[in-house]
Amino acid sequence: MEVSRVVVMRGIVENLRTVQGSLLRLEVVVLLSALILAALVLYGSANRRSSDKLLRGAMWMAYSLSYVVVSYAVGIIQDGPFRGETFVLWAAALLLIQASAYAAPVHSRRDVDQRKKLLLQHVLQTGLVLWLIVNATGSNASYRAAIWAFWALNVLKTAAKIGEMIQSSRPDLSVRVVAEYMDVEEVLTADLQHDPVTMQGYKYIFHGEEAMLPACHLDGGRLATDEMLSLSDGKLVTIDQVYKWIDQQPYSEVEKDRARDFCLAFALFKLLKRRFCGYVPAEAGTEKARDLVLTGLIHAGVTGPDAAFRVVDAELAFLYDFFYTRNIVLVGAKTYICIAVAVAGITMWTAFFGALGPGYHRPRVGVRDLDRSVTVLVVAITAGLEVFQAVAGFASNWRYVKTVYRCVRDRRPWSKRRRGHLWWKESISPPATRYWEDKIGQYVLLKRFHRRPLNLLSWLTLYLVEPRRQGQKRGRRKPLPLQLKRAVLVSLKNSRCRLTNGVSALRKHGLLRQLGWACRFPKITDQILVWHVVTTRCDWASGHHRRGDTTLANVDGEHRLIATKLSNYCAYLVAFVPEMLPDPSYTAEQIFDTAVQQARRDLGDRRTTSSILAKLEEMEANAWRAHPEGLESGGVHERAGSTTVIERAALLGAQFRAAVLDDAHRWEVLAEFWTELVLFLAPSDNVDIHAEMLGAGGEFMTQLWALLGHAGVLERPAGHASNDGLNHDR
């Protein structure tokens, strides 16, 4: 039996070494390459919404391997007896698909640098395929036309990518223009009463700042106000002009409201870019900036009370494109149509006249008609992807704002816009696009503290894959409830952008005297973890701990849903994205690691919800017996400072349950506490982590960070926002 198996294996190996075996390998490799590259192109249209780390890693690996696979296929064609036009056509088609997939899997700014190396490799492959084309044999006119068309289109796409790469490596002078303009914007609107609803008095740049770039190039100095206005006369369009233009259009209020939000998002995107270039927004801390968010964005408009997040989502989508694609070089719609029609026509010609017509000559070796099938499939995939990209280009966000800009600048109504721009779109509303997946990470310390990761993947890759720490297990992200978004906006509006770390909620409910000590930890990470354990304990003890958010919302109402989601999200930030928190990331990681070890020591080998609850109740009883007088003793905070996270949570939980007897009231307090705290955590000067997380699917904290930035809140109050309030209420 063993001898027969060895003989069979030797026979297979020898067959693969023959010409027929090489042809079979080539056909398999070509089809595999085409399918991988097609998946990358399709994935690239939605990768902004993807936060699946495994999927993103697989796509990047597939993209990197695609160059190796394509090189292997070209190598087989070059070294073997496959100089016919059929095989060269496969190589040209793969090259074109690879050019289309160039920007698909970028998820971080480090990947952008890696793309430069891959682009150079693609240029070399383009030259090698040209050599194959010149030396190809055969007389199939259809194949020859398709080969040159695919290769030429690949050259155009590659040249565009090289131009984008050069552009992205240069400093963006428009950011400097916007920054200097905003320094004098307050002077330009000094005589106007600002109204954030109509944007009167808000002369934020919408588009056209390129008119002032030549002066920046010439002298490099600061532009004067008069010089700015003279250079931009007739070309610069501000957001108040856009709002007036939209109001004049004969469309429904819903359509016009969505158009206003989208155009405002583009204007705010240009302001947000300043943060990433080291500029301090001139409007920070002003009443005008605060009113823009609290009145202009947080309002019950005809499209609902969610305009603030709708604007921020679109703004961050523009920012993502700016960082990770730079594929903003727009051509006319007619160009897209011509490309799609030309490629589709060549495909039909190749398929029906080249592979299926009388001019076809099959190879003398290989499976009968298999090369025909491969040719038709590869060319069809190529044409399908070109048509897909052409259709996707029609719905470009950048094309929409460019069209609006030209209409406002030229004083044209939307119905009279140039027919080369969005000619098929009659409505003034922006393209209906889902920008982000609208999910947030969740982590429950009491569920994951016993987790001991093996880190086999990290070990096998020689630690190229970052190892997970003790207690870490990244689960799937959960849907972000609409109630949570609205609760955060209500909290921000009620506070008038005066951020606190939860003490306002405690003061409102008369709990600051008893529970205020749990808001005075030296590190905010300690506060997050202690209140997170208390919230989890309340959730488990409420008697309705079931799977699914629908049950959660129906049983205990919105307050419980908001409190648990935000509590678990803040714990997720501690465990996986500590760079977004106020404490230094190394300090937050140390506190988390210590909390995991303390939980293992305090809770032992308890794994079930009931056993952990029983232990927590026992610890709460012991804590209450040790401090029956609560804060009246004046030493609870000092004693809590020397205990573990679980012990502090037990003490806080005992006091909280004794002070608030009604379960519904507890959830109301916790919901208001967490909405305040998550807003308190959002301001940050670490812009790099927000740019990094945009490439990883986005974070809810980035949305809050951008929203507060436009309200003029760039940093949180010193001393945890609330020591004065705490001391006053003690």
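**Figure 1. Overview of the protein chain.** The secondary structure of the protein chain comes to 31 helices and 4 strands; helices (H or I, at least four residues) and strands (E, at least two) are DSSP runs, numbered from the N terminus. This is a predicted model, in which local features need pLDDT of at least 70 and side-chain atom pairs count only at pLDDT 80 or more, while totals for chains, interfaces and linings use all residues. Residues are numbered from 1 along each chain as its sequence is written, and side-chain values use heavy atoms, with hydrogens and water left out. Of the 730 residues in the protein chain, 54% count as buried. Buried means under 20% relative accessible area, exposed means over 50%, and partly exposed lies in between (1.4 Å probe, protein chains only). Among contacts with a separation of 6 or more, 80% join residues 24 or more positions apart; a contact means heavy atoms within 4.5 Å.

**Figure 2. The nonpolar cores.** A nonpolar core is a set of buried Ala, Val, Leu, Ile, Met, Phe, Trp, Tyr and Cys residues joined through side-chain atoms within 4.5 Å. The largest one has 151 residues, and Phe206, Ile239, Trp531, Trp674 and Phe700 have the most contacts inside it. Helix α13 supplies the largest share of this core, 13 residues. Apart from it lies another core, of 42 residues, including Ile77, Ala91, Tyr143 and Trp151. In soluble globular proteins, nonpolar side chains tend to be buried together.

Figure 3. Not counting residues up to four places away in sequence, Trp531 touches Leu506, Leu515, Ala518, Cys519, Leu652, Leu670, Phe673 and Trp674. Cys519 counts as buried, at 0% relative accessibility. Cys538 is buried too, with a relative accessible area of 6%. With a disulfide taken as a pair of cysteine sulfur atoms within 2.5 Å, the count comes to 0 disulfides.

Figure 4. The 18 residues of α13 should span 26 Å at 1.5 Å a residue, and its end C-alpha atoms are 26 Å apart, which agrees. The expected span of a helix is 1.5 Å times one less than its number of residues. Helix α13 is mostly covered, with 17 of its 18 residues buried. Glu315 is found in this helix, which runs over residues 307-324. Glu315 is buried, with a relative accessible area of 0%. Leaving aside neighbours within four places in sequence, Glu315 is in contact with Ala265, Leu268, Phe269, Leu272 and His710. Its C-alpha atom is separated by 9.3 Å from that of Cys263, 52 residues apart along the chain.

Figure 5. Two packed helices are described by the angle between their axes and the distance between the axes. Axes are lines fitted to C-alpha atoms, for helices over the stretch in contact, and angles run from 0 to 180 degrees between N-to-C directions. The axes of α13 and helix α29 (residues 687-694) come within 10 Å and cross at roughly 90 degrees. That makes α13 roughly perpendicular to α29; angles under 35 degrees count as roughly parallel, over 145 as roughly antiparallel, 65 to 115 as roughly perpendicular and the rest as oblique. On the α13 side the contact is made by Leu316, Leu319, Tyr320, Phe323 and Tyr324, and on the α29 side by Ala691, Glu692 and Leu694. His690 also has its place in helix α29. His690 is buried, with a relative accessible area of 1%. Apart from neighbours within four places in sequence, His690 is in contact with Met580, Ser684, Met701, Thr702 and Trp705.

Figure 6. Helix α11 (residues 253-276) and α30 pack at an angle of about 100 degrees, with their axes 11 Å apart. That makes α11 roughly perpendicular to α30. Leu268, Leu271, Leu272, Arg275 and Phe276 of α11 make the contact with Trp705, Ala706, Gly709 and His710 of α30. Leu708 is found in α30, which covers residues 700-710. Leu708 is buried, with a relative accessible area of 0%. Not counting residues up to four places away in sequence, Leu708 touches Leu492, Leu499, Leu679, Ala682, Pro683 and Val713. The C-alpha atoms of Leu708 and Leu679 are separated by 8.3 Å, and the two residues are 29 residues apart along the chain.

**Figure 7. Helix α16.** Helix α16 (residues 397-409) has 13 residues and reaches 18 Å from its first C-alpha to its last, close to the 18 Å expected at 1.5 Å a residue. This helix is mostly covered, with 10 of its 13 residues buried, among them Trp398, Tyr400, Tyr405 and Cys407. Just after α16, Arg411 takes a positive phi of about 55 degrees.
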